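User: Hi! I am new to protein structures and would like to learn how to read one. Could you take me through this one, feature by feature?

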Amino acid sequence: MKYSLLILALVIAQLLLGQETYFPPDHTTGEWETIDLSSLNWSADSITGLYNFLEEEQTKAFLVLKDGKIVLEQYFGTYQQDSIHPWFSAGKSLRAFLVGQAQEDGFLDIN
């Protein structure tokens, strides 16, 4: 449940706070543009505490995107960028959110 809420919060933040969204030119290469923390005026010292907290909570992966570009990307334990991790109910939550967003944006009429 906490993973689905985190994912949902990140998606909502992207929609509300984003500017022009970036998409990688070729998703098969894994090459994404990044944004430096200092350009966002984020405290690098706070990030260490965040990573410690996430590791204590047994988080497997943590990413923060700003306008589609990677700001933070951290993996914990044996997990790596290409590790497989099941979503279970989190996938249903994200799907429901995206359907609602499509309805609101006029791409879908559920009536």
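User: Which residues make up the largest nonpolar core?

Analyst: Let me start with the ground rules. This is a predicted model, in which local features need pLDDT of at least 70, side-chain atom pairs count only at pLDDT 80 or more, and totals for chains, interfaces and linings use all residues. Residues are numbered from 1 along each chain as its sequence is written, and side-chain values use heavy atoms, with hydrogens and water left out.

Now the general idea: a nonpolar core is a set of buried Ala, Val, Leu, Ile, Met, Phe, Trp, Tyr and Cys residues joined through side-chain atoms within 4.5 Å. Buried means under 20% relative accessible area, exposed means over 50%, and partly exposed is in between (1.4 Å probe, protein chains only). Here the largest core has 10 residues: Ile-35, Leu-37, Ile-47, Tyr-51, Leu-54, Phe-62, Val-64, Val-71, Leu-72 and Phe-76.

User: Which elements give two or more residues to this core?

Analyst: They are H2, E1 and E2, and H2 supplies the largest share, 3 residues. As for the labels, helices (H or I, at least four residues) and strands (E, at least two) are DSSP runs, numbered from the N terminus.

User: What is Val-71 in contact with, leaving aside its neighbours within four places in sequence?

Analyst: Contact means heavy atoms within 4.5 Å. With those neighbours set aside, Val-71 touches Ile-35, Leu-37, Leu-40, Trp-42, Val-64, Leu-65 and Lys-66.

User: In which sense do E1 and E2 pair?

Analyst: Two strands pair if DSSP finds at least two bridges between them. Strand E1 (residues 61–66) and E2 run antiparallel, with 6 bridges. One example to look for is Lys-66, whose bridge partner in E2 is Lys-69. The hairpin of E1 and E2 has 2 residues between the strands.

User: What is the phi of Asp-67, and is this residue buried or exposed?

Analyst: Phi of Asp-67 is near 55°, a positive value in a residue other than glycine. You will find Asp-67 in the loop between E1 and E2, and Asp-67 is buried, at 10% relative accessible area. Gln-58 is another non-glycine residue with a positive phi, about 65°. That residue sits in the loop between H2 and E1, and Gln-58 is exposed, with a relative accessibility of 57%.

User: How many salt bridges does the structure hold?

Analyst: A salt bridge is a side-chain nitrogen of Lys or Arg within 4 Å of a carboxyl oxygen of Asp or Glu. This structure holds 2. In one of them, Glu-33 meets Lys-69 at 3.5 Å, N to O. Glu-33 lies in the loop between helix H1 (2–17) and helix H2 (44–56), while Lys-69 is in strand E2 (residues 69–75), so this pair ties together parts that are 36 residues apart in sequence. Glu-33 is partly exposed at 39%, and Lys-69 is partly exposed at 24%.

Another salt bridge joins the side chains of Lys-66 and Asp-67 at 3.1 Å, N to O. Lys-66 is partly exposed, at 25% relative accessibility, whereas Asp-67 is buried.

User: How many aromatic pairs are there?

Analyst: Rings of Phe, Tyr and Trp (its six-membered ring) pair if their centres lie within 6.5 Å; planes under 30 degrees apart count as stacked, over 60 as edge-to-face and the rest as tilted. The structure holds 1 such pair. The ring centres of Tyr-51 and Phe-76 are 6.2 Å apart and the planes are at 70°, so the pair is edge-to-face. Tyr-51 lies in helix H2 and Phe-76 in the loop between E2 and helix H3 (89–104), so the pair ties together parts 25 residues apart in sequence. Both Tyr-51 and Phe-76 are buried.

User: Which elements have the lowest and the highest mean pLDDT?

Analyst: pLDDT is the predictor's confidence in each residue, from 0 to 100. Among the elements, H1 has the lowest mean (57) and E2 the highest (92). The protein averages 81, and 75% of the residues score at least 70.
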